[in-house]
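Student: I have a model open and would like to read it feature by feature. Where do we begin?

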Amino acid sequence: MTETAARHQDGMTHEADIVAALKGRPIVLVGMMGSGKSTIGRRLGARLHMPFLDADHEIEIAHAGMTVSEIFAQHGEPYFRDGEARVIARLLESGPCVVATGGGAFMREETRNRIRDKAVSLWLQADGDVILKRVKRRADRPLLQTADPAATIERLIGERSPFYQLADLAIASRDVPHEKIVDECIDALYAHLVSGSAASSSSSETQ
């Protein structure tokens, strides 16, 4: 077997082991807007043969196709956050899947606790300049409709990072091929769910 084929087979084994170790729990991606939650989440779901669900998209469906920006404008942020919490609570009952959450969702303690109890959380950590480059051409980010989007991004990173740090895992989201980030997510999930639990079992058996 060639080295490439062996690596591919190992990867498939790791992915099957991750799914088994999840025991039906979802994987929830958290992080700032523009950190790649939807792009990476879709690819991660494909690798693990699990459905991908986008919380923002589900909220828009629940509001008859209104966009997140339109919901913000018409109803305000508190209304949106309440609906977001309900949608995420429902998605967490969907069984094994990959869920991308909105940037502010993990700020709510109720939602964090639900994710902690029912899922494995993964923070896609992106620097401000990376985020700005990714989102500056888009007009669908209601929190960035400000005179200085770069300063707004840095303020939000400062406010939200202490909460994102409570996630189970963290992966640096940067300008490299998407599959490299997915590979790193797979490695981190395997170490957390499979290698880590195996080490814990071995340690408890020898005590």
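**Burial, pairs and helix faces**

Tutor: Begin with arginine 112, which counts as buried at 14% relative accessibility. Buried means under 20% relative accessible area, exposed over 50%, and partly exposed in between, with a 1.4 Å probe and protein chains only. Two ground rules follow. This is a predicted model, in which local features need pLDDT of at least 70 and side-chain atom pairs count only at pLDDT 80 or more, while totals for chains, interfaces and linings use all residues. Residues are numbered from 1 along each chain as its sequence is written, and side-chain values use heavy atoms, with hydrogens and water left out.

Student: Where is arginine 112 found, and what is it in contact with?

Tutor: Contact means heavy atoms within 4.5 Å. Arginine 112 is found in helix 6 (residues 109-118). Helices (H or I, at least four residues) and strands (E, at least two) are DSSP runs, numbered from the N terminus. Leaving aside neighbours within four places in sequence, arginine 112 touches Phe106, Met107, Phe163 and Leu166.

Student: How many aromatic pairs does the structure hold?

Tutor: First the rule. Rings of Phe, Tyr and Trp (its six-membered ring) pair if their centres lie within 6.5 Å; planes under 30 degrees apart count as stacked, over 60 as edge-to-face and the rest as tilted. The structure holds two such pairs. Phenylalanine 72 and phenylalanine 80 form a tilted one, at 4.9 Å centre to centre and 45° between the planes. Phenylalanine 72 is buried at 13% relative accessible area, and phenylalanine 80 is buried at 3%. Tryptophan 123 and tyrosine 164 form a tilted pair too, at 5.7 Å centre to centre with 35° between the planes.

Student: What does the pair of tryptophan 123 and tyrosine 164 tie together?

Tutor: Tryptophan 123 lies in strand 4 (residues 120-125) and tyrosine 164 in helix 8 (residues 149-164), so the pair links parts that are 41 residues apart in sequence. Tryptophan 123 is buried, at 7%. Tyrosine 164 is buried as well, with 1% relative accessibility.

Student: Which residues does the UniProt annotation "binding site" cover?

Tutor: UniProt positions are given in the numbering used here, feature names are shortened, and annotations may be inferred rather than shown by experiment. In the unreviewed entry, "binding site" covers Gly34, Ser35, Gly36, Lys37, Ser38, Thr39 and Arg141. Lysine 37 sits in helix 2 (residues 37-48) and is buried, at 8% relative accessibility. Threonine 39 lies in helix 2 but is partly exposed, at 33%.

Student: What does the side chain of lysine 37 reach?

Tutor: A polar contact is a pair of N or O atoms within 3.5 Å; within protein, one must be able to donate a hydrogen and the other to accept it, and residues adjacent in sequence count only if both atoms are side-chain atoms. The lysine 37 side chain reaches the backbone oxygen of methionine 32 at 2.9 Å.

Student: Which residues of helix 3 are buried?

Tutor: In helix 3 (residues 55-62) they are Ala55, Glu58 and Ile59. They cover an arc of only 100° around the axis, taken from the directions from the helix axis to the C-beta atoms, which puts them on the same side of helix 3. They pack against strand 2 (52-54), helix 4 (68-75), helix 5 (77-91) and strand 3 (98-100).
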